[in-house]
Amino acid sequence: MTNAGTANFSLNGLSGDADIHLYNSSGTEIAYSTNGSSSPESISRYLSSGTYYLQVHSFAGASTNYHLTASGSGPAADPGSSISTSHDLGNVSRGSRYWNDYVGSGDANDYFHVQLSESGNLQVRLSGLSADADVAIYNRYGTQLAYSNHSGTSSESISRYLGAGDYYVRVYQYSGSTNYRLDVNT
């Protein structure tokens with residue numbers, strides 16, 4: 001990648017089980033998609049400029065044709081690893097936002113700033129996990145207000161009534177590395 005941005009990879013047209021794995025230039029796996037049977041696979045991940053490798057891997061010796069697509073969505077900001085460097089999702093009062101990313105080796109925390117222009121029930125859902133990751137909500141002072149930490153790859157969710165103001169959502173690695181989808185709404 002000549003510029004930093006979000007890269008999207010999809011593997012479709014499968015008649016057997018195949019997976020995709022993304023590696024950095026050192027050969028370290030940084031993301032993967034391992035859905036079962038002939039389900040499509042996809043990875044969407046913020047990447048810095050540099051060289052990356054994508055591997056299509058047959059699962060359990062399955063034979064299959066496939067169609068691999070790679071695209072970029074232009075420059076994007078990787079969610080910061082602290083409150084002070086958080087990615088701004090904007091005002092979510094009476095609305096919703098989502099973000100697809102990764103936590104794991106080299107990127108254990110992603111922080112998102114959300115604003116509530118009015119009091120409401122902030123709902124946060126973390127899904128699409130292939131390893132154990134958790135989610136928490138913090139106030140503007142960095143005090144944890146709520147969290148969800150189910151074990152394994154179960155989806156995480158928080159529903160908390162909050163007053164108008166600034167809040168932070170933290171997605172963090174518990175064990176392993178995983179892609180995720182974060183949904184935030186009121």
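Colleague: Which residues touch the most other members of the largest nonpolar core?

Modeller: In this predicted model, F112, L122, V124, V135, V171, Y180 and L182 do, out of the 23 residues in that core.

Colleague: What makes it a nonpolar core?

Modeller: Such a core is a set of buried residues of kinds such as Val, Leu, Phe and Tyr, joined through side-chain atoms within 4.5 Å. The 23 residues form the largest set of this kind, so the name applies.

Colleague: Which strands each supply at least two residues of this core?

Modeller: They are β8 (96-103), β9 (109-116), β10 (120-127), β11 (132-139), β13 (156-162), β14 (165-175) and β15 (178-185).

Colleague: Which residues does the second, separate core include?

Modeller: Among its twelve residues are I20, L22, A31 and I43.

Colleague: How many helices and strands are in the protein?

Modeller: The protein has 15 strands and zero helices.

Colleague: Why is the protein called as compact as a globular protein of that length?

Modeller: The globule rule gives 16 Å for 186 residues, and the radius of gyration is 17 Å; the two values are close, so the description holds.

Colleague: How much of the protein is buried?

Modeller: Buried means under 20% relative accessible area, and 41% of the 186 residues are buried.

Definitions and conventions: Residues numbered from 1 in each chain as written. Predicted model: local features only at pLDDT ≥ 70, side-chain atom pairs only at ≥ 80, totals over all residues. Heavy atoms only, no water. Helix = DSSP H or I, 4+ residues; strand = E, 2+ residues; numbered from the N terminus. Rg over C-alpha atoms; globule rule 2.2 N^0.38 Å. Buried < 20%, exposed > 50% of the residue type's maximum accessible area, 1.4 Å probe, protein only.
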